[in-house]
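Hi,

Here is the structure I promised to pass on to you. Have a look at it first, and then read on for what turned up.

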Amino acid sequence: MNAQAGREPTWGGKSPLLGRGDILARADALFTSCREGSGSLLWIHGDAGIGKTRVLSEVAARSPEAVVLRGTGWEDPGTPSFWVWSQVLRGVASVHPPDQWGDRGRLAVPLLDGSADARTEVPGRFPLFDAVTAVIDDLSRTRPVVLLLDDVHWVDEDSLRMLHFLTADLQSRAVLVVCGWRDHEALVGQRQGLADQIAARGESWLLDGLVEHDVSTLLQSTTGRPPDEAETRAVHERTGGNPLFVSEMARLAAARGVSSVASILPESAHATIRRRVARLAQPADAALGAAAVLGASLSITRLGALLHTSPVELAALVDELADAGLVTQDGDNLDFTHAV
């Protein structure tokens, strides 16, 4: 039986999943519709470490009546084309053997080995897309299917095109597609445009940082002691409520015997920010350095005066920093995303 929306979400017997009740309740409702034969797409996006993977796993745990199929993008230039779909089809094969896939589905069989040889050129893409869709549709006629695709920002362009094809008409099929997408990743080719088109076909949910109360709960569950208000506030400010950063700070503080969690600098946060800064063009990098001199919250007008740049050029620089997820803008105010 499907989990009720009010149920306390858990994570493999560990601490409760905090601050995600709304999206889990919505996922429950979409799965109910899926069971009744009307599928949909749930596009979950946000920063690195914000909890997308954990939400996807919770959706799987709350869908016991479904066949859950999983695929995860991989950040490696040697990853074969359609690798995410190879993972999905292996899941299908475990409950629905390839010799039962029929004439339409047989063209998907080569993807099971996950080799680069399975790459299909442009003229041959439609039959392959149709074959994978047919296999999943066949499975959904006996049980609802929950298709979980994580780290979609790392999949190849052909895999995104297949996802675009599969999600064209979910309303008439018992298939719920849930995708995890990391914002502020540098994408090449047409992948960003394809991702935007796919997301527009369903419901798009942005995962924000945890509120202070949830940060306090997470700190206590990790360290075994309740933090005071000042410590909670400091950790929240330094991490933006990012649960991965909060957990890493708490674990490091406990391991080092440090009394103040807020004094720890999480390496995961440093790595995320270094990756974003490395992608900036030189003028934007210089603007970021100047902004850091002015403080965590600053005036764009003051930044322009410091850089001696025109309003048009300044606006372009600020847009690049915001697109990279390094700052947020509210009128003339500019704030760094993370205190790090």
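**The cavity and the helices beside it**

With a threshold of 30 Å³ or more, the count comes to 1 cavity. Please keep in mind that this is a predicted model.

The space in the largest cavity is about 40 Å³. Its lining is made up of Val84, Trp85, Leu149, Val152, Val155, Ser159, Leu160 and Leu163. Two elements, α3 and α6, each give two or more residues to that lining. Which of the elements gives the most to the lining? That is α6, with 3 residues. Sorted by class, the lining of the largest cavity holds 7 nonpolar residues, 1 polar residue and no charged ones.

Now to the two helices themselves. Helix α3 covers residues 83–95 and helix α6 covers residues 157–166. They pack at an angle of about 55°, and their axes are 8 Å apart. An angle of that kind falls in neither the roughly parallel class (under 35 degrees) nor the roughly perpendicular one (65 to 115), and α3 and α6 are therefore oblique to each other.

Which residues meet where α3 and α6 come into contact? From α3 there are Trp83, Val84 and Trp85, and from α6 there are Ser159, Met162, Leu163 and Leu166. The residues of this contact divide into 6 nonpolar, 1 polar and no charged. Val84, Trp85, Ser159 and Leu163, which take part in this contact, are also listed in the lining of the largest cavity.

**Confidence**

The average pLDDT of the protein is 82, and 76% of the residues score at least 70. Where is confidence lowest, and where is it highest? It is lowest in helix α11 (residues 267–278), with a mean of 59, and highest in strand β3 (residues 145–150), at 98.

Two stretches deserve a mention here. Over residues 1–13 the pLDDT stays under 50, and the model has 30 contacts for them beyond four places in sequence. Residues 116–123 also have a pLDDT below 50, with 11 contacts in the model beyond near neighbours in sequence.

Best wishes

Methods: Residues numbered from 1 in each chain as written. Predicted model: local features only at pLDDT ≥ 70, side-chain atom pairs only at ≥ 80, totals over all residues. Heavy atoms only, no water. Axes fitted to C-alpha atoms, helices over the stretch in contact; angles between N-to-C directions. Helix = DSSP H or I, 4+ residues; strand = E, 2+ residues; numbered from the N terminus. Parallel < 35°, antiparallel > 145°, perpendicular 65-115°, else oblique. Contact = heavy atoms within 4.5 Å. Nonpolar A, V, L, I, M, F, W, Y, C, P; charged D, E, K, R; others polar. pLDDT = per-residue confidence, 0-100. 1 Å grid on protein atoms, 1.4 Å probe; cavity = no way out; pocket = protein on both sides within 12 Å on 5 of 7 lines; lining within 4 Å. Points joined across faces, edges and corners; volume = space filled by probe spheres on them.
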